[in-house]
Amino acid sequence: MMYNGGKIITGLIIFALIITAPFWLNIGQADEPPEISLDTPVINQLSEKECIESAEFMRSQHPQLLNDWRDQVVREGKTVYTSSSGKEYQISLDNTCLQCHSNRSEFCDACHAYTSVDPYCWDCHGGGIAK
Amino acid sequence: MMNRRDFLKIMASLGIGSALVLEGIDRIGTAADTIPGSKNLQAGHWGMVIDVSKFKTPEDIQRVAAACHKYHNVPEINDPQHEIKWIWQEDFEHTFAELESEYLSEKVKQMQFPVLCNHCENPACVRVCPTQATFKRPDGIVAMDYHRCIGCRYCMAACPYGARSFNFFDPRPYIEEINSAVPTRTKGVVEKCTFCMERLDKGQQPVCAEASGGAIIFGDLSDPDSPVRKVLRDNFFLRRKVELGTGPSVYYIIGGGGSNA
């Protein structure tokens, strides 16, 4: 049999409550999902508003894509990306991505802040656009 | 009960199956293709010839250096311990230390030379870099991958030309006007001249060659008909610290075109 069973079980319950407290305290208070804005001068002038790949692909794969791009362009000297639709784009965060997405805080940072990721791209790139 | 043989068969097929699935997932990120640009300039070995006689005054060198630094977002830090420089000027003694002599003519002593990364054939910086952040491209350019630089500064210790600078702090506040076409650097990385590799990829000449008005000639050293090879054929030239075996790709012409008999 268990010695001091009552105290142990009470202690365990309190422990479990404290550990899960963030979930209990935040129930029903989900943050608004971020609204990302495509309202930039360059995008507004596009006749066909499409990124280099589908929005779904970009949403889920852009970190991987940028990672691949940086090795391709810096180390392999491959400067042109052929998208799945066959169009060609210059591989450049500053000269391709940020030309359209020049609204960092409403586009990039909106999601990054929501998902609590802090990519260090900005330490060097995007110095010319407003924060 | 499953016997040992069947168990191993099942586990092996599971292993192969999951490897294939993972491979498939891995490819999603690289669905499309990357290729070199159609306009990019290619060479067997990029090199540079600097005709010092065409830099009449120190201001000419400073003008070229300013054009380079402005284009590449090189910060202007007026503190010799922390300054960043890609191309700058040195006197004869500091450019060609091994040729220094007490009987050197006053004219030569006073000469100023633009100096920069020599994009060596055997770059000491590349040998010592522990992360391969600095590496030699097939076209001879000693390139930097700032993403990989961990700021150990081995390359700075190894470089016999002092061509590398370290960012002790965020350089952005020291850049007057950021050229948004080019990234800046960040605190904790080493930087240097890149022979304008991103401009070559777009079919453009390096900034310094463009700004020098013909005093800096850039081209393919492996091509006997290239402008650099033609100049080197017609002139006596110097390279910095060749005795170290680094094989610098930057050549200096002192005399000025052999017009003096």
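Predicted model: local features only at pLDDT ≥ 70, side-chain atom pairs only at ≥ 80, totals over all residues.
Start with the strands around the pair. Strand β2 of chain B covers residues 46-51. Five bridges join β2(B) to β9(B), and the two run antiparallel. Both belong to an open sheet of four strands in chain B. The order across the sheet is β9-β2-β11-β10, and the pairing is mixed. The edges are taken by β9 (216-220) and β10 of chain B. Each edge strand pairs on one side only.

A helix accompanies this sheet. Helix α9 of chain B, residues 227-234, lies across β2, β9, β10 and β11 of chain B. The helix runs at about 115° to β9(B).

Now turn to the backbone of chain B. Most residues other than glycine have a negative phi. Two residues of chain B deserve a look here. Lys241(B) has a phi near 50°, a positive value in a residue other than glycine. Lys241(B) is found in the loop between β10 (237-238) and β11 (250-253) of chain B.

Asn73(B) sits in the loop between α2 (58-71) and β3 (87-91) of chain B. Asn73(B) has 25 other C-beta atoms within 10 Å, so it is buried. The cut-off for that class is 20 or more.

Next comes chain A. Chain A has seven helices and two strands. From the N terminus on, its elements run α-α-α-α-β-β-α-α-α. How does the radius of gyration of chain A stand against that of a compact globule of 131 residues? The globule would have a value near 14 Å, but chain A has 23 Å. The C-alpha atoms of chain A fill a box of roughly 75 × 35 × 30 Å, taken along the principal axes. Of the 131 residues of chain A, 18% count as buried. Consider also the contacts in chain A between residues at least 6 apart in sequence. Among these, 59% join residues at least 24 apart.

Chain A is divided into two domains. Domain 1 covers 51-91, and domain 2 covers 92-131. The C-alpha centres of these two domains of chain A lie 16 Å apart. Their contact takes four residues from domain 1 of chain A and four residues from domain 2 of chain A. On the domain 1 side, three of the residues are nonpolar, one is polar and none is charged.

Finally, see where the two chains meet. The contact takes 27 residues from chain B and 25 residues from chain A. On the side of chain B, the largest share is three residues from strand β1 (residues 33-35) of chain B. By class, that side of chain B has 10 nonpolar, 11 polar and six charged residues. Strands of the two chains also pair. Strand β1 of chain A, residues 80-82, pairs with β1(B) in the antiparallel sense over three bridges. Which residue in β1(B) does Tyr81(A) stand opposite? Tyr81(A) faces Thr34(B).

Terms used: Residues numbered from 1 in each chain as written. Chains lettered and ligands numbered in written order. Buried ≥ 20, exposed ≤ 12 C-beta atoms within 10 Å, placed from the backbone. Contact = placed C-beta atoms within 7 Å. Nonpolar A, V, L, I, M, F, W, Y, C, P; charged D, E, K, R; others polar. Pairing = 2+ DSSP bridges. Rg over C-alpha atoms; globule rule 2.2 N^0.38 Å. Domains from an automatic or database assignment. Axes fitted to C-alpha atoms, helices over the stretch in contact; angles between N-to-C directions.
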